[in-house]
Amino acid sequence: MSRARLELLQWFGLFGGALAWTVQHVVGYGISDAGCSVAGTQWDLDVAALQTALALAAGTVVVLAWAAAFLAYRETRVVDEYAPGPSGRIRFFAQAALLGNVLFLVIVVLDGVSSVYHLPCRPS
C-alpha cells in the first residue's frame, strides 16, 4: 500500500471517531432543542427516531475509523515500535486510534441511549 494511502487511513482513523461524536453531540442537541420548541411541535418531529438514526450513523463512522486504523496498523506491522520517520508515526497514531475509537464508540452509544431515554420535554 502506498504511503499516501496509509497516511490517509491514519488520519481518518485518528480523527474520524472524534469528529463523528462531535457532530452527533451538536446535531443531537439541535434535534432535542427543536423537538422541545414551539416550532418543533408544529413539525411533529420524532425526536427519538432522529436521535437513534444519528447515533447509528455516528457509530458507523466510528467503526469505519477503527477499521482504517487497524488497516494502517496491520500494514506497518514490520515497523519497529520506535522507528523514526513517517512509518513510525503512522504506526504510533494507528495504535492510538485503535484505543481511542473504542472509547469514542462507547461515548457514541452512551450519548445516543441517553438522548433517547431522557428526553427533556417529554410530557409527564
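1. Let's start with how two helices lie against each other. In this predicted model, the axes of helix α3 (residues 47–75) and helix α4 (residues 85–117) come within 8 Å and cross at roughly 170°. The two are therefore roughly antiparallel to each other (angles over 145 degrees count as roughly antiparallel). Axes here are lines fitted to C-alpha atoms over the stretch in contact, with angles from 0 to 180 degrees between N-to-C directions. Helices are DSSP runs (H or I) of at least four residues, numbered from the N terminus.

2. Who takes part in that contact? By class, α3 with α4 brings together 20 nonpolar, seven polar and one charged residues. Asp, Glu, Lys and Arg count as charged; Ala, Val, Leu, Ile, Met, Phe, Trp, Tyr, Cys and Pro as nonpolar; the others, Gly among them, as polar.

3. Now for confidence. The chain has a mean pLDDT (the predictor's confidence in each residue, from 0 to 100) of 88, and 95% of its residues reach 70 or more. Where pLDDT is low, the predicted coordinates should not be read in detail.

4. What lines the largest pocket? By class, its lining has two nonpolar, eight polar and one charged residues. The largest share, five residues, comes from α1.

5. A word on conventions. Residues are numbered from 1 along each chain as its sequence is written, and side-chain values use heavy atoms, without hydrogens and water. Local features need pLDDT of at least 70, side-chain atom pairs count only at pLDDT 80 or more, and totals for chains, interfaces and linings use all residues.

Methods
Angles under 35 degrees count as roughly parallel, over 145 as roughly antiparallel, 65 to 115 as roughly perpendicular and the rest as oblique.
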